[in-house]
Amino acid sequence: MASREIITINEIKVRGFNVNAPVGDGGENEAGDVLVVQAMFQYLAELVGLERLGLKSSDEIPAPTGRIDDRTLNAIKSYQQSAAVWSLLSADGLIHPADSQSRNIRLQGSIRLKTITSLQLQIYLEKPFYLDYTEEILRRVPQLKTCLDQ
(Lines give C-alpha, C1' and ligand atoms only; values in the text may rest on other atoms or scores of the structure.)
Protein backbone atom coordinates (compact mmCIF):
# COMPACT_ATOMS: atom_id res chain seq x y z
CA MET A 1 0.00 0.00 0.00
CA ALA A 2 1.37 3.43 -0.93
CA SER A 3 2.05 5.95 1.82
CA ARG A 4 2.49 9.60 2.72
CA GLU A 5 5.70 10.09 4.62
CA ILE A 6 7.87 12.83 6.01
CA ILE A 7 10.84 13.55 3.76
CA THR A 8 13.77 15.67 4.89
CA ILE A 9 15.26 17.93 2.22
CA ASN A 10 18.10 20.20 3.30
CA GLU A 11 16.98 19.80 6.95
CA ILE A 12 13.38 20.83 6.04
CA LYS A 13 10.69 18.25 6.77
CA VAL A 14 7.98 17.97 4.11
CA ARG A 15 5.32 15.42 3.16
CA GLY A 16 5.70 13.20 0.16
CA PHE A 17 4.37 10.02 -1.37
CA ASN A 18 6.19 6.71 -1.42
CA VAL A 19 5.44 3.35 -2.95
CA ASN A 20 5.42 0.12 -0.96
CA ALA A 21 6.64 -2.13 -3.77
CA PRO A 22 8.21 -1.62 -7.21
CA VAL A 23 6.00 -0.12 -9.93
CA GLY A 24 6.74 -0.69 -13.60
CA ASP A 25 7.91 -3.38 -15.98
CA GLY A 26 8.15 -6.56 -13.89
CA GLY A 27 7.17 -4.78 -10.65
CA GLU A 28 4.55 -5.89 -8.16
CA ASN A 29 2.33 -3.03 -9.39
CA GLU A 30 0.03 -2.82 -6.37
CA ALA A 31 -2.99 -0.66 -7.24
CA GLY A 32 -2.27 2.05 -4.64
CA ASP A 33 1.39 2.28 -5.67
CA VAL A 34 0.49 2.51 -9.35
CA LEU A 35 -2.11 5.18 -8.59
CA VAL A 36 0.45 7.27 -6.68
CA VAL A 37 2.90 7.08 -9.58
CA GLN A 38 0.22 7.95 -12.15
CA ALA A 39 -1.04 10.88 -10.07
CA MET A 40 2.50 12.21 -9.57
CA PHE A 41 3.22 12.05 -13.31
CA GLN A 42 -0.05 13.84 -14.08
CA TYR A 43 0.65 16.56 -11.51
CA LEU A 44 4.28 16.97 -12.54
CA ALA A 45 3.36 17.21 -16.23
CA GLU A 46 1.19 20.24 -15.43
CA LEU A 47 3.83 21.72 -13.17
CA VAL A 48 7.01 21.36 -15.24
CA GLY A 49 5.83 20.33 -18.70
CA LEU A 50 6.08 17.18 -20.73
CA GLU A 51 9.63 17.68 -21.94
CA ARG A 52 11.14 17.53 -18.45
CA LEU A 53 9.42 14.18 -17.97
CA GLY A 54 10.76 12.83 -21.26
CA LEU A 55 7.28 12.79 -22.81
CA LYS A 56 6.37 14.18 -26.22
CA SER A 57 2.59 14.56 -26.02
CA SER A 58 -0.15 14.86 -23.42
CA ASP A 59 -1.47 11.53 -24.75
CA GLU A 60 1.53 9.90 -23.04
CA ILE A 61 0.56 11.07 -19.53
CA PRO A 62 -0.88 8.10 -17.63
CA ALA A 63 -4.43 8.46 -16.32
CA PRO A 64 -4.81 7.82 -12.58
CA THR A 65 -6.54 4.42 -12.72
CA GLY A 66 -4.42 2.32 -10.38
CA ARG A 67 -3.88 -0.22 -13.16
CA ILE A 68 -0.50 -0.61 -14.81
CA ASP A 69 -0.73 0.12 -18.53
CA ASP A 70 1.44 1.04 -21.50
CA ARG A 71 1.22 4.78 -20.75
CA THR A 72 2.46 4.27 -17.20
CA LEU A 73 5.28 1.95 -18.29
CA ASN A 74 6.29 4.41 -21.02
CA ALA A 75 6.18 7.39 -18.64
CA ILE A 76 8.48 5.61 -16.18
CA LYS A 77 10.97 4.60 -18.86
CA SER A 78 10.88 8.00 -20.58
CA TYR A 79 11.40 9.83 -17.30
CA GLN A 80 14.32 7.62 -16.34
CA GLN A 81 15.93 8.06 -19.76
CA SER A 82 15.37 11.81 -19.94
CA ALA A 83 17.95 14.33 -18.92
CA ALA A 84 16.79 14.45 -15.31
CA VAL A 85 18.08 17.05 -12.88
CA TRP A 86 19.72 14.34 -10.77
CA SER A 87 21.39 11.07 -11.60
CA LEU A 88 19.13 8.17 -10.86
CA LEU A 89 20.41 5.14 -8.98
CA SER A 90 18.71 2.93 -11.52
CA ALA A 91 17.04 3.35 -14.92
CA ASP A 92 15.50 -0.10 -14.98
CA GLY A 93 11.89 0.75 -15.85
CA LEU A 94 10.85 0.41 -12.19
CA ILE A 95 10.03 2.92 -9.48
CA HIS A 96 11.36 1.44 -6.26
CA PRO A 97 10.36 2.42 -2.71
CA ALA A 98 12.60 5.00 -1.07
CA ASP A 99 13.89 4.96 2.50
CA SER A 100 13.00 8.52 3.45
CA GLN A 101 12.83 8.03 7.21
CA SER A 102 16.53 8.06 7.96
CA ARG A 103 17.78 10.31 5.19
CA ASN A 104 18.33 14.02 4.75
CA ILE A 105 18.47 14.75 1.02
CA ARG A 106 20.94 17.53 0.38
CA LEU A 107 20.47 19.55 -2.79
CA GLN A 108 24.11 20.20 -3.44
CA GLY A 109 26.90 18.45 -5.24
CA SER A 110 26.43 15.20 -7.05
CA ILE A 111 23.55 13.15 -5.68
CA ARG A 112 22.04 9.90 -6.89
CA LEU A 113 18.40 9.26 -6.20
CA LYS A 114 15.69 6.69 -6.61
CA THR A 115 13.10 7.65 -9.21
CA ILE A 116 10.35 8.30 -6.63
CA THR A 117 12.66 10.74 -4.81
CA SER A 118 13.58 12.48 -8.05
CA LEU A 119 9.88 12.97 -8.87
CA GLN A 120 9.28 14.42 -5.40
CA LEU A 121 12.20 16.81 -5.63
CA GLN A 122 11.11 18.07 -9.03
CA ILE A 123 7.74 18.95 -7.49
CA TYR A 124 9.36 20.68 -4.54
CA LEU A 125 11.65 22.73 -6.75
CA GLU A 126 8.56 24.11 -8.49
CA LYS A 127 6.35 24.51 -5.39
CA PRO A 128 7.32 26.36 -2.23
CA PHE A 129 8.54 23.94 0.44
CA TYR A 130 5.81 24.97 2.85
CA LEU A 131 3.08 23.75 0.48
CA ASP A 132 2.06 20.11 0.84
CA TYR A 133 1.85 18.79 -2.72
CA THR A 134 0.29 15.56 -1.44
CA GLU A 135 -2.83 17.47 -0.38
CA GLU A 136 -3.17 18.96 -3.86
CA ILE A 137 -2.82 15.55 -5.51
CA LEU A 138 -5.35 14.03 -3.08
CA ARG A 139 -7.76 16.83 -3.98
CA ARG A 140 -7.33 16.07 -7.68
CA VAL A 141 -7.35 12.27 -7.31
CA PRO A 142 -9.67 11.60 -4.34
CA GLN A 143 -9.70 7.82 -4.89
CA LEU A 144 -6.06 7.85 -3.79
CA LYS A 145 -7.12 8.44 -0.17
CA THR A 146 -8.42 4.89 0.12
CA CYS A 147 -5.12 3.48 -1.18
CA LEU A 148 -2.78 5.12 1.32
CA ASP A 149 -1.28 3.70 4.47
CA GLN A 150 -1.17 6.91 6.49
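Axes here are lines fitted to C-alpha atoms, for helices over the stretch in contact, and the angles between their N-to-C directions run from 0 to 180 degrees. With that in hand, welcome to this predicted model, where the axes of α1 and helix α4 (residues 133-140) cross at roughly 105° and come within 10 Å. Helix α1 (residues 31-48) also meets helix α2 (residues 70-81), with axes that come within 11 Å.

**How α1 packs against α4**
- Angles of 65 to 115 degrees count as roughly perpendicular, and α1 and α4 are therefore roughly perpendicular to each other.
- From α1, the residues Ala39, Met40, Tyr43 and Glu46 take part, and they meet Tyr133, Glu136, Ile137 and Arg140 of α4.
- Sorted by class, this contact of α1 with α4 holds 5 nonpolar and 3 charged residues, with no polar ones.

**How α1 packs against α2**
- The axes of α1 and α2 cross at roughly 60°, and the two helices are therefore oblique to each other.
- The crossing in which α1 passes α2 is left-handed.
- On the α1 side the contact is made by Val37, Gln38 and Phe41, while α2 supplies Thr72, Ala75, Ile76 and Tyr79.
- By class, the contact of α1 with α2 has 5 nonpolar and 2 polar residues, and no charged ones.

**Helix α1 on its own**
- At 1.5 Å a residue, the 18 residues of α1 should span 26 Å, and the 25 Å between its end C-alpha atoms agrees with this.
- Of those 18 residues, 14 are buried, so α1 is largely enclosed by the rest of the structure.

**Helix α2 and its surroundings**
- From its first C-alpha to its last, the 12 residues of α2 reach 16 Å, close to the 16 Å expected at 1.5 Å a residue.

**Gln80, a buried residue of α2**
- Gln80 sits in helix α2, and its relative accessibility of 8% is why it counts as buried.
- Beyond its neighbours within four places in sequence, Gln80 is in contact with Leu88, Ser90, Ala91, Asp92, Gly93, Leu94 and Thr115.
- Gln80 and Leu53 are 27 residues apart in sequence, and their C-alpha atoms are 8.3 Å apart in space.

**Helix α3**
- The 12 residues of α3 should span 16 Å at 1.5 Å a residue, and its end C-alpha atoms, 17 Å apart, agree with that.
- With 10 of its 12 residues buried, α3 is mostly covered.
- Among the buried residues of α3 are Thr115, Ile116, Leu119, Leu121, Ile123 and Tyr124.

**Backbone angles worth a look**
- Most residues other than glycine have a negative phi.
- Asn10, however, has a positive phi near 50°, and this residue lies in the loop between β1 (2-9) and β2 (12-18).
- With a relative accessible area of 33%, Asn10 is partly exposed.
- Asn29 has a positive phi as well, near 55°, and is found in the loop between β3 (23-24) and α1.
- At the other end of the helix, just after α1, Gly49 takes a positive phi of about 95°.

Conventions
Residues are numbered from 1 along each chain as its sequence is written. This is a predicted model: local features need pLDDT of at least 70, side-chain atom pairs count only at pLDDT 80 or more; totals for chains, interfaces and linings use all residues. Side-chain values use heavy atoms; hydrogens and water are left out. Helices (H or I, at least four residues) and strands (E, at least two) are DSSP runs, numbered from the N terminus. Angles under 35 degrees count as roughly parallel, over 145 as roughly antiparallel, 65 to 115 as roughly perpendicular and the rest as oblique. A crossing is left-handed if the near helix is turned anticlockwise from the far one by less than a right angle, and right-handed if clockwise. Contact means heavy atoms within 4.5 Å. Ala, Val, Leu, Ile, Met, Phe, Trp, Tyr, Cys and Pro count as nonpolar, Asp, Glu, Lys and Arg as charged, and the others, Gly among them, as polar. The expected span of a helix is 1.5 Å times one less than its number of residues. Buried means under 20% relative accessible area, exposed over 50%, partly exposed in between (1.4 Å probe, protein chains only).
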